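Here's a quick tour for anyone meeting this structure for the first time. Have a look at it, then read on.

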Amino acid sequence: MEKGNGMDWFFKFPHMDDNSLRDLKKAIDDGFRGFTRSYGDIIEGFFSPLQHFLIASERFMLKTPWPIITLLILAIAYAATRSLRITAGCLATLMIIGYFDMWDDTMRTISMIFVCTVLSIAIGIPIGILMARSDRMQRVVNPVLDVMQTMPSFVYLIPVVMLLGIGKVPGLIAVVIYAIPPMIRLTDLGIRLVDKDVLEAADAFGADNRQKLFKVQLPLALPTIMAGINQTIMMALAMVVIASMIGVQGLGQPVLKAIANQYFTLGIFNGLAIVGIAIMFDRVSQAYGKRLQKHREIVHG
Amino acid sequence: MAEHAFGGIKIRNLYKIFGPNAGAHIEAVKNGLTKAELNARYGHVLGLSDINIEMPSGSIQVIMGLSGSGKSTLIRHINRLIDPTAGEVLVDGVDVVTMQEAELREFRRHQTAMVFQKFALLPHRTVLDNTIFGLEIQGMPRQKSLDTAMRWLERVGLRGFEEKYPNQLSGGMQQRVGLARALANDAPVLLMDEAYSALDPLIRTDMQTVLLDLQKEIRKTIVFITHDLDEALRLGDQIAILRDGEVIQQGTSQDIVLRPADDYVANFVKEVNRGRVVHVEAVMTPGAVQASGKPTVMTGTTVEDTLRVLSREVADEGVVVSSSGETLGVVTVRQLAGAMVNAAR
C-alpha cells in the first residue's frame, strides 16, 4: 500500500496480506480435516443410538399400513385437541397427500420431525432451565443461540457433513441446530416469567429447588414451553428442503429435484404437502397448549 | 412434641439495611445514623431499625404501619424470606437467623405457615390441590393430606368448591383457600401479610370474624400485618405500630387508643370508634359500691356494649365485676359517653 499515492488505505480497506489469509484458511481447514480423520469415527459412534432411533421411527411410519397410521394420527390429534373440526382437517390433509402419491415421503418427513422434536425437547428444556436459574448461564448461552439462528444453515451443513458424511444423522443434527433455539429461549422465558409471589409462597412453605421446579416453575411455564415446542416443529419443517441436500429423505428431495429440473408441479405438490403437515402440527400443538391453560380462562364473574 | 409448649416469638435488636454493602453501615446506624443520612450519604436504605418485639404464644400480634413503614419486611424476617443485617429472631427459642439452608427449610415446613396479600395460589391447581401444597412439600402421603385439606376447606366455608380453580373464585374465597392452605400445615406460627388488604370492606370484616373464631380453637401464634387501624384494633391482642422502620408504640388496643405515644399515633386513632375498643374498667370509678338494683357488667366489656346494657335496663349507673364475681367499681353513663367522644382532647 505504501507504493500507491499514499491514500489507497482510505479507498480500499487495508486487509490482511493475501498469503497470510490463504495460509490461515488452509491451516483451519487442515486442522478440521485432521480432526475429522482422527475423531470422525468416534463421533459417528457417539451418534449411532440416534441413527437407530431414526431408522426405527422411519421403519414404523413406513411399514405400518396407512389406515393404521391415519387412525393413530387422528387419535393423537383428537386426544390433544378434543376438537372434531381439527381432527377432520387432519384426516382431509392426510387423504389428499396419500391420493397424490406422496404418502411415503410424508411419512419419512413426519418421522424426521418427530425425532427432531423429541431431541430438541430432551436437550432444550434442561438448557432452558439452567439458563433461567443463572444469569451467567443466560449470558453465555444467548449469544450462542443468536449465532445458531442467524448463521445461514448451509454454512453449518459443511462441518456436519465433513464430520459425519451424508445421511440421516447429519441431517437431523443440522435440523436440530436450526430448530432448537426457540425451545431453549421459551423455556427460559417461561420460567423467568413465573409470578414472584407464587415463588415466594413456595419458599415460605419450605419448598426446595427441586420441588419449586416441578411443582411451581415448570407447570406455570408449560404454556410458554408449549409455544416453544410449536415453534421448534415449524422451524424443523422449514429445514426439510435444506436437509434433503445432505441426504435426508422425505418431502424435501422431490422439491430439490423440482428446483434442479424446473418441474413446477412436482415442486408445488410436495411444497403444499409440507404446508399441510405444518398446519396439522401447528393446530394440534396450539390447541393442546390452549387446553393446558384452560384454568386461566374461566374467570370469576 | 405434644407436651412441649410453644415458646412464642422474640425479635431482638433487629436491623435491616438494603443496599450492596449493608454490613458496612450497621455500626454507624447503631450509633445513631438516621435513615435520611444513610440514604443521602451512602445510598443505602434503612428498612428496619432496632426492632424489639415479644410475641407470646397463642396470641395475635398485629404489626401496623403505612406503606413503606417496613411491616412486610419485618414479617419476612420471621421465616427469613429476608435475611436481617443484624439481630436475632427467636422462634420457640431457636434463632432463625443462624439456621443453615436445610434447617431453615424444615423450620418453614413445620413451624410456620404464611398467608399472602395477593393470595399467591397456584393457578394450575384446584382448590383442593392448592390446600395440600404445604403438606405435599412436607412429604405427607397424598391420601392423608387430602383428609386434612378437606377438613380445613370445610372449616373456612369452602365445601363444594374443592374442584374449582382459583380463577373461578372471588377474592374473598381465594383468600379462604390461602388460609386453609396455611392452616392445613398445622404450624404453631401463622404469618399473615396484609392478608385481607385486597378484599372488599364487608368481606374483610367477614374474614376477620373467621380468623377470630378459628383462633379460639387453634390458639396459634399469629402475626398479622395491616395498614388498617380498625382491623388492627379488632384483631390484635397486641399491636405494634411501625413507622419508617421503627416501632413507635407497642401495647394493647386500649393502650394505643387511650395513650397514643405521639402525635403520629394520636392522629391515627382520632377517627377510631373508641366505644368498641375501650373496655369499661378503663373508665369506671374504682372502689367498693353497693351493687343493689344496678345492672352488672364484666370487665373486658367494651364501652359500647356497656351502654347498650344500661340503656336496655334504663339505668344511669352500672357495676363492674370481675370474672370471679367480685365488685371492682362503678361506671356512669356520663363516663361512658365521655370515653366514646374522647372528651380529653
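Let's start with one pair of residues: B:V297 has B:V320, in strand 13 of chain B, as its bridge partner. What you're looking at is a predicted model, where local features need pLDDT of at least 70, side-chain atom pairs count only at pLDDT 80 or more, and totals for chains, interfaces and linings use all residues. Residues are numbered from 1 along each chain as its sequence is written, while chains are lettered from A and ligands numbered from 1 in the order in which they are written.

**The sheet in chain B**

- Strand 12 and strand 13 (residues 317-321) of chain B run parallel to each other, paired over three bridges. Strands here are DSSP runs of E with at least two residues, helices are runs of H or I with at least four, and both are numbered from the N terminus; two strands pair if DSSP finds at least two bridges between them.
- Zoom out and you get an open sheet of four strands in chain B, ordered 11-14-13-12, with mixed pairing.
- Its edges are strand 11 (285-286) and strand 12 (296-298) of chain B, each pairing on one side only.
- Lying across strands 12, 13 and 14 (327-332) of chain B is helix 13 (residues 303-313), at about 130° to strand 13. That angle is taken between N-to-C directions, from 0 to 180 degrees, using lines fitted to C-alpha atoms, for helices over the stretch in contact.

**Two domains in chain B**

- Chain B is split into domain 1 (55-274) and domain 2 (275-341), with bounds from an automatic or database domain assignment.
- Their centres, taken over C-alpha atoms, are 34 Å apart.
- Eight residues of domain 1 of chain B touch nine of domain 2 of chain B, where contact means that C-beta atoms, placed from the backbone, lie within 7 Å.
- On the domain 1 side, helix 11 (residues 253-258) of chain B gives the most, with four residues.

**Where chains A and B meet**

- The contact takes 19 residues from chain A and 21 residues from chain B.
- Helix 10 (196-204), helix 11 (209-238) and helix 15 (294-297) of chain A each supply at least two residues of chain A's side.
- Helix 10 of chain A has the largest share of that side, six residues.

**A helix in chain A**

- Helix 8 (residues 153-164) of chain A has twelve residues, so at 1.5 Å a residue it should span 16 Å, which agrees with the 16 Å between its end C-alpha atoms. The expected span is 1.5 Å times one less than the number of residues.
- Just after helix 8 of chain A comes A:G165, with a positive phi of about 75°.

Notes. Contact = placed C-beta atoms within 7 Å.
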